[in-house]
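Here's a quick briefing on one protein model, meant to be read with the structure open beside you. Have a look first, then work through the notes.

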Amino acid sequence: METGTASYTSDEDRLLRDDVMSAQIIDGKAFAAKVRGQVAEHVTALKADHGITPGLAVVLVGEDPASEVYVAAKHKQTVEVGMASFEHKLPADVSAADLFALIDQLNADKNVHGILCQFPVPDHLNERAVVARIDPAKDVDGLSVVNAGLLASGETGLVSCTPLGCLMLLRDQLGDMTGKEAVIIGRSNLFGKPMGQLLLQDNCTVTIAHSRTADLPAVCKRADILVAAVGRAEMVKADWVKPGATIIDVGITRIPHPDKPGKSKLLGDVDFAPCSKVAGTITPVPGGVGPMTIACLLANTVTACCRANGLAEPEGLTA
């Protein structure tokens, strides 16, 4: 993988120039581009060898500006790797029955191998019910109870995209993780729990910490691998970090930019500059984990396509 500096803030650029940091910076943008390249190769082979084009369907309900931007990015990257992109935009007042009818239609469409509904949805719709309506074999967001259960039991399913992306970054940096102590701060169904299961499968000793963990700093300082995913800006301090540890920062908090009125700045859960002096490897925010999410969505779609057609799964793109 290519590593180096991604799109850092001016403060981070200064730190890098001054050689203040000792940690290697994980360039998530470069690694995500590498994953997309692998996906494109598999898509080309599926078309040439089997006449199959993987297809991803995205359902957007309402007109949330952030969701519209994210859906547009998904469409762009889906097309760039050679897959078919199916976009379905529904009004904010769409009934649950009509939304479910569309999902049922996509479940039955053999040209669609992956389905996701962009969240959040309007309040009158139940997100859990929406996820449950999607065929687990096409649940490329890996959010269904079925896929969560398959992961927990060590069976084959589709894995939630952000944990899968973090796993890929860790495997690339560390190789065999057998015996390493991993601490995950955050116990959500979306990230913390599946991340723990993935690291267990790679033979780590895993602790899932949370707001009620006693002496959280001491627990974190044991970690060879520290994964922060709670959404509290700069919560993890340098004295929480074991020297030489690998830090994966999943948190994103947007704050007003201190030097640019009217602009915002993104912060992770990790106090980046001080922790970078202690850690061995660290992901920045932005430019670390974030770019991996859509890349893994595309990888999951190719995986789902191969499974649906009884073909070998793409090597290097699954858990």
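N203 sits in the loop between α8 (192-201) and β6 (205-209); helices (H or I, at least four residues) and strands (E, at least two) are DSSP runs, numbered from the N terminus. This is a predicted model, where local features need pLDDT of at least 70, side-chain atom pairs count only at pLDDT 80 or more, and totals for chains, interfaces and linings use all residues. Residues are numbered from 1 along each chain as its sequence is written, and side-chain values use heavy atoms, with hydrogens and water left out.

- N203 isn't a glycine, yet its phi is positive at about 70°.
- N203 is partly exposed at 46% relative accessibility (buried means under 20% relative accessible area, exposed over 50%, partly exposed in between, with a 1.4 Å probe and protein chains only).
- E234, another residue other than glycine, has a positive phi near 55°.
- You'll find E234 in the loop between β7 (225-228) and β8 (246-249), and with a relative accessible area of 28% this residue is partly exposed.
- F119 and P120 are joined by a cis peptide bond with omega about 10°; P120 lies in the loop between β4 and α5 (127-133).
- V285 and P286 are also joined by a cis peptide bond, with omega about 0°, and P286 belongs to the loop between β11 (281-282) and α11.

**The sheet and its helices**

- Three strands make an open sheet in the order β3-β2-β4, with parallel pairing (two strands pair if DSSP finds at least two bridges between them).
- β3 (84-90) and β4 (114-117) are the edge strands, each pairing on one side only.
- β2 (residues 55-61) pairs with β4 in the parallel sense over four bridges, and V59 has C117 as its bridge partner in β4.
- Helix α3 (residues 65-80) packs on the sheet and touches β2, β3 and β4 (contact means heavy atoms within 4.5 Å).
- Helix α11 (residues 290-308) also packs on the sheet, touching β2 and β4.

**The cavity**

- What lines the largest cavity? The lining residues are I115, L116, C117, F119, V131, I134, D139, D141 and L143 (on a 1 Å grid over the protein atoms alone, a cavity is a set of points where a 1.4 Å probe fits but cannot get out, and lining residues have an atom within 4 Å of a point).
- β4 gives the most to this lining, with three residues.

Key: Axes fitted to C-alpha atoms, helices over the stretch in contact; angles between N-to-C directions. 1 Å grid on protein atoms, 1.4 Å probe; cavity = no way out; pocket = protein on both sides within 12 Å on 5 of 7 lines; lining within 4 Å.
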